[in-house]
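Subject: Handing over a structure, with notes

Dear colleague,

I am passing a structure on to you, and below it you will find notes on what was found. Please read them with the model open beside you.

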Amino acid sequence: MREYQVAVVGATGMVGQRFLSLLENHPWFHVKMLAASARSAGKTYEEAVGGRWKMPAPIPEAVRGLTVLDAEADAEKIAGEVDFIFCAVDMPKAEIKALEERYAKLECPVISNNSANRGVPDVPMIVPEINPEHAEIIPSQRKRLSTRRGFIAVKSNCSLQSYVPALHPLMEFGVEKVLACTYQAISGAGKTFETFPEIVDNIIPFIGGEEEKSECEPLKIWGHIENGQIVNAASPAITTQCLRVPVSDGHTAAVFCSFARKPSIEEIRARWADFSGEPQRLKLPSAPRQFLHYFEEENRPQAKLDRNLENGMAVSVGRLRSDTQYDYKFVCLSHNTLRGAAGGAVLMAELLAAYGYLD
């Protein structure tokens, strides 16, 4: 695989920082440019971030001295010098949508962590182990945008990454209804305990827009391509509640589900153990060897113990048991800024590179 030159747009925020940490020694992707808001433009990355660097490892040396560009004003310059961009900007949704489309029309593919384009019918929202075939919509999107190379691909909401991967291998049994309560880490709001003191000794039972995304986005992931659009799946029926909890990293989900053809616990466990996808087949650099890990212990998975499993790219599952109102219930965990955000986007970019869409 050749080396791709990339830019991280929105590089100063928490997800942008996570992108830079993940890309520091990436075998395929080399960070050539950084961009953020106008207030950061013209500064070195170290100056722009200041004391707001939130990753456990220090700022990568290769980007510390890079001059930060203006994500909007310098779009043409950036698009002309890199093979594609990772986008994680903090802007109003309409502005993000317009900015990403602008880069795509400048013939620069956009791998987005943002939600602005997730509802666009010809924009693939890919979880690489689950729906890699949705990359096939890209030619239709290019036709709409009148581009040769440019397109937008998005990753899903971070809360989905905890429970949708565990449900996916069970779809053959006809998953009919799902209830998922997610307990979401503060890094999902771009916060640390120092910057979010009100979460200490507290739970906040509302995350704006999160429940709507958690209920609708899985249906696009499980949808199919028809007449140049992704048509959402009609089922399962999903209802969610999303709570912010005092955990630094790691989204936990309590999941309840019922089936048209109820499998046994042994069948469910076997499907989880055997499940793998395109990233494992292709041996992509960021892919976990085992996507789903089941824990036998009654008190696992735990965010503090298990969120970094397989470099934070695996999903942990536990406590599978029968339920009195649904067929089964279980608990899932994923690292929200790794598998759920930047890591999931890097893995999607690896998949698209392997398929040739970034050439």
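E297 is partly exposed, with a relative accessible area of 39%, where partly exposed covers the range between buried, under 20% relative accessible area, and exposed, over 50%, for a 1.4 Å probe and protein chains only. E297 sits in the loop that runs between strand 12 (292-295) and helix 11 (303-306); helices (H or I, at least four residues) and strands (E, at least two) are DSSP runs, numbered from the N terminus. Along the chain E297 is 167 residues from I130, and the C-alpha atoms of the two are separated by 27 Å.

Before going on, please note that this is a predicted model, in which local features need pLDDT of at least 70 and side-chain atom pairs count only at pLDDT 80 or more, while totals for chains, interfaces and linings use all residues. Residues are numbered from 1 along each chain as its sequence is written, and side-chain values use heavy atoms, with hydrogens and water left out.

A residue with another setting is L320, which lies in strand 13 (residues 315-322) and counts as buried at 10% relative accessibility. L320 and F330 are ten residues apart in sequence, with their C-alpha atoms 4.3 Å apart in space. When neighbours within four places in sequence are left aside, the residues in contact with L320 (contact meaning heavy atoms within 4.5 Å) include I265, W272, Y294 and F330.

Turning to helix 1 (residues 14-23), eight of its ten residues are buried, so this helix is largely enclosed by the rest of the structure. Among the buried residues of helix 1 are M14, F19, L20 and L23, and the buried residues pack against elements including strand 1 (4-9), helix 2 (45-49) and helix 13 (338-355).

How do helix 7 and helix 8 cross? The axes of helix 7 (residues 160-167) and helix 8 (residues 210-221) come within 11 Å and cross at roughly 45 degrees, the axes being lines fitted to C-alpha atoms, for helices over the stretch in contact, with angles running from 0 to 180 degrees between N-to-C directions. The two helices are therefore oblique to each other, a class for angles that are not under 35 degrees (roughly parallel), over 145 (roughly antiparallel) or 65 to 115 (roughly perpendicular). On the helix 7 side the meeting residues are L160, Y163 and V164, and on the helix 8 side K213, S214, E217, P218 and I221.

Finally, some charged pairs. Side chains of opposite charge can pair when their charged atoms come close. Counting as a salt bridge a side-chain nitrogen of Lys or Arg within 4 Å of a carboxyl oxygen of Asp or Glu, the total comes to 16 salt bridges. In one of them, K77 and E81 meet at 3.3 Å, N to O, and both residues lie in helix 4 (residues 75-81), four residues apart, about one turn of the helix. K77 is partly exposed at 42% relative accessibility, and E81 is likewise partly exposed, at 34%. Another salt bridge joins R144 to E101, with the closest N and O atoms 3.9 Å apart; R144 lies in helix 6 (residues 138-145) and E101 in helix 5 (residues 93-105), so this pair ties together parts that are 43 residues apart in sequence. D323 and K329 also form a salt bridge, at 3.2 Å from N to O, and D323 is buried, with a relative accessible area of 16%.

With best wishes
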